[in-house]
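Subject: A structure for you to look through

Hi,

Here is the structure I promised to pass on. Please open it beside this email and follow along.

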Amino acid sequence: MTDPDRDALAILGCGSIRPDRMELLPLPAEMGGGAVYAHLCPPSLGKGVIPSRVYRKVGRAQKMVLLAAHKALEEFPLSPSAQDQAAVCLGTGFGELGETLLFLENLVRLEEREPKPTRFANSVHNSLASQVAINFGLKGENHTLTQGPISFELALWQAAVLLQTGRAGHVLVCGVDELTPFLGFLGVECGFWGKEDPPDLQEIERTGHNHRPRPGEGAAAFVLGLRSAAPAKGLLPCVHTIKVQPLELRQGQIIDPKAELKFVKDALADKGVCLGDLDLIILGANCSSQLETLYRPILQLISQDIRKEIGVISYKTLWGEFSTTPALGLGLAVDILRTGKIPPWVIPEKKPPPVLKNILMYQVSPLGFHSLCLVRI
């Protein structure tokens with residue numbers, strides 16, 4: 001008989017940097033100015049934790065992921081021998097775009113007289129993962145995944161490959177994205193959010209959801225190892241499956257709820273799990289309107305299939321819309337499984353059962369992807 005835990009990924013350490021406030025983010029004056037309401041992390045991150053010689057040289061996104069990695073490795077420190085076989089898999093939608101923009105702006109303004117080589121080094125797409133590896137002495141493989149809304153899920157999938165094939169003993173998986181004024185402007189231009197559109201505070205207080213999506217930022221890091229080799233057995237959150245696929249949609253087509261139900265059921269069945277085993281679903285819905293139009297038909301089919309309602313949380317309504325918000329969603333799932341309860345600041349749509357053991361993270365992106373991750377205790 002095969003062991004269902006044999007290929008499971010044990011989450012040994014976890015660290016998150018989450019937005020702590022919603023406020024106006026000024027947009028670039030060169031592009032017309034204005035502002036958007038956004039979920040933002042604290043302005044000063046990592047002072048006293050990141051070495052000062054490093055702190056002075058790195059960009060904001062690097063500070064965010066270094067601090068998240070510090071928290072994860074503080075929970076599960078790696079020995080020098082383990083560091084030699086530890087890999088880094090990092091997902092990011094926009095990398096250190098803030099440093100890239102500052103480098104180019106300075107280059108143009110000063111007509112290339114003072115190019116600022118440190119900013120150039122920070123601007124390359126893999127600067128985030130390399131800074132993590134250098135600062136924490138992780139000498140294994142180093143991967144950066146930049147695939148838009150599924151960047152973190154693919155980093156998690158890559159970590160599973162490294163661990164299950166023996167190419168790494170441990171993997172530090174990270175997700176990070178910084179919200180810059182330029183990205184705020186881009187979201188306005190593309191119609192993702194409105195300029196100076198105030199949040200509906202009554203809606204948020206009543207349901208935990210906002211009617212319109214809001215941009216956000218954040219970082220999370222996880223120390224992963226094979227469950228079969230984990231030093232602690234007990235109550236250890238584990239990732240049992242990660243599935244990421246493109247949606248085969250032609251122009252004008254809508255997402256088919258029946259096809260999505262099959263996608264979820266097939267992925268769970270591969271691990272011997274059925275829909276009725278789930279205790280909670282953590283969705284990638286970014287506002288109440290997307291929850292109703294995109295996710296509601298799928299949730300209704302799930303409820304009909306298992307003949308009961310299931311608890312639902314939408315993590316993007318807590319921390320905003322950005323490519324690697326699913327990393328913060330996984331951090332929330334880990335917190336819930338470790339403590340056995342939902343934090344008081346999270347408002348579930350339906351009351352979940354008193355014992356929480358099986359959590360499904362599920363995301364459908366209108367940009368053409370869907371993904372899921374089964375996390376169990």
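Below is what was found, starting with the whole chain and moving on to single residues.

First, some ground rules. This is a predicted model, in which local features need pLDDT of at least 70 and side-chain atom pairs count only at pLDDT 80 or more, while totals for chains, interfaces and linings use all residues. Residues are numbered from 1 along each chain as its sequence is written, and side-chain values use heavy atoms, with hydrogens and water left out.

**The whole chain**

The chain has 13 helices and 12 strands; these are DSSP runs numbered from the N terminus, with helices being H or I of at least four residues and strands being E of at least two. Its radius of gyration is 21 Å, close to the 21 Å given by the globule rule for 377 residues, so the chain is as compact as a globular protein of that length. That radius is taken over C-alpha atoms, and the rule is 2.2 Å times the number of residues to the power 0.38. The C-alpha trace spans about 65 × 50 × 40 Å along its principal axes.

Of the 377 residues, 55% count as buried. Here buried means under 20% relative accessible area, exposed means over 50%, and partly exposed is in between (1.4 Å probe, protein chains only).

**Strands side by side**

Strand 1 (residues 9-17) pairs with strand 8 in the antiparallel sense over two bridges, and L9 has V239 as its bridge partner. Strand 8 also pairs with strand 12 (residues 369-376), again antiparallel, over eight bridges; there, C238 is partnered by R376. Two strands pair if DSSP finds at least two bridges between them.

**An enclosed helix**

Now find helix 6 (residues 127-136). Seven of its 10 residues are buried, so helix 6 is largely enclosed by the rest of the structure. Among those buried residues are L128, V132 and F136.

**Two residues with positive phi**

E196 is not a glycine, yet it has a positive phi of about 55 degrees. E196 sits in the loop between helix 8 (181-189) and helix 9 (201-207), and is partly exposed, with a relative accessible area of 48%.

R307, also a residue other than glycine, has a positive phi near 60 degrees. You will find R307 in the loop between helix 11 (288-306) and strand 10 (311-314). R307 is exposed, at 78% relative accessible area.

Happy exploring!
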